[in-house]
Amino acid sequence: CEDLGQRANQDGREGRGAGGERAVPQAGLLPLQQEPAGRAQGHHGAFEPGRLYTIIGKSGAGKTTLLSLISGLDTATGGEVLYRGQNVGKLDRDNYRAHSVGTIFQGYNLLTNATALENIVLSMNISGVKGGNKKQTALELLERIGIDRETANRKVLQLSGAAQQRVGSARVLAPNP
């Protein structure tokens, strides 16, 4: 298999779409093969820091499995998923997920009895973010993604689906993984 970064940008230049818009680099992980248990197999690659990758494929191709392996939510039954040269399956996965990766879930996974702001501050506390005014930091982050102070103080169930998705995104960004 080829390096994902090379596949995403073979000639070192940013691609452009038909209308001149900047194209999103694609990871080049398709087609993924699956074992009966739904595991992705037979692929390797490297993700470069600071680059944006998309993983595309048909339903059942293993996209979610791949992301679960990378984020440490699942462990590989064969092969390795490496982060900074270390096998993710052998790391303290709670620490890895709290400090090294951020995951935005399709179902948001927000605490519904808490406010948007409380969800962000809780994420910062769990991740061990030290110092500073976490509430103010969370409010500033929420404002940058279009959630004003009034909305930030609403319970999650009082927010639209789009607002919940933005809160989920802010929760991932708050600990600065």
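**Close-up views of a predicted model**

**View 1. Buried residues of helix 4.** In helix 4, the buried residues are Ala116, Leu117, Asn119, Ile120, Val121, Ser123 and Met124. The structure shown is a predicted model. Helix 4 covers residues 116-126. Its buried residues pack against three other helices: helix 5 (134-144), helix 6 (149-152) and helix 7. Just after helix 4 comes Gly128, whose phi is positive, at about 80°.

**View 2. Packing of helix 4 on helix 7.** Helix 4 (residues 116-126) packs with helix 7 (residues 161-173) at an angle of about 20°, and the two axes lie 8 Å apart. Helix 4 is therefore roughly parallel to helix 7, because angles under 35 degrees count as roughly parallel. The crossing of helix 4 past helix 7 is right-handed.

**View 3. Residues in the contact between helix 4 and helix 7.** Which residues of helix 4 and helix 7 make the contact? Helix 4 contributes Ala116, Asn119, Ile120 and Ser123, while helix 7 contributes Val167, Ala170 and Arg171. Sorted by class, the contact of helix 4 with helix 7 has four nonpolar residues, two polar residues and one charged residue. Ala116, Asn119, Ile120 and Ser123 of helix 4 are also among the buried residues of that helix.

View 4. Arg93 is found in helix 3, which spans residues 93-99. Is Arg93 buried, partly exposed or exposed? Its relative accessibility is 27%, so Arg93 counts as partly exposed; buried would mean under 20%, and exposed over 50%. Setting aside neighbours within four places in sequence, Arg93 is in contact with Gly72, Leu73, Asp74, Thr75 and Val88.

**View 5. The whole protein chain, for orientation.** The protein chain has seven helices and four strands. Read from the N terminus, the elements run α-β-β-α-β-β-α-α-α-α-α. The chain has 177 residues, of which 31% count as buried. Among contacts in the protein chain with a separation of 6 or more, 60% are between residues 24 or more positions apart. The accessible surface of the chain comes to about 11,100 Å², and carbon and sulfur atoms account for 48% of that surface.

Methods. Residues are numbered from 1 along each chain as its sequence is written. This is a predicted model: local features need pLDDT of at least 70, side-chain atom pairs count only at pLDDT 80 or more; totals for chains, interfaces and linings use all residues. Side-chain values use heavy atoms; hydrogens and water are left out. Helices (H or I, at least four residues) and strands (E, at least two) are DSSP runs, numbered from the N terminus. Buried means under 20% relative accessible area, exposed over 50%, partly exposed in between (1.4 Å probe, protein chains only). Contact means heavy atoms within 4.5 Å. Accessible areas come from the Shrake-Rupley method with a 1.4 Å probe; for residues, only the protein chains shown count as cover. Axes are lines fitted to C-alpha atoms, for helices over the stretch in contact, and angles run from 0 to 180 degrees between N-to-C directions. Angles under 35 degrees count as roughly parallel, over 145 as roughly antiparallel, 65 to 115 as roughly perpendicular and the rest as oblique. A crossing is left-handed if the near helix is turned anticlockwise from the far one by less than a right angle, and right-handed if clockwise. Ala, Val, Leu, Ile, Met, Phe, Trp, Tyr, Cys and Pro count as nonpolar, Asp, Glu, Lys and Arg as charged, and the others, Gly among them, as polar.
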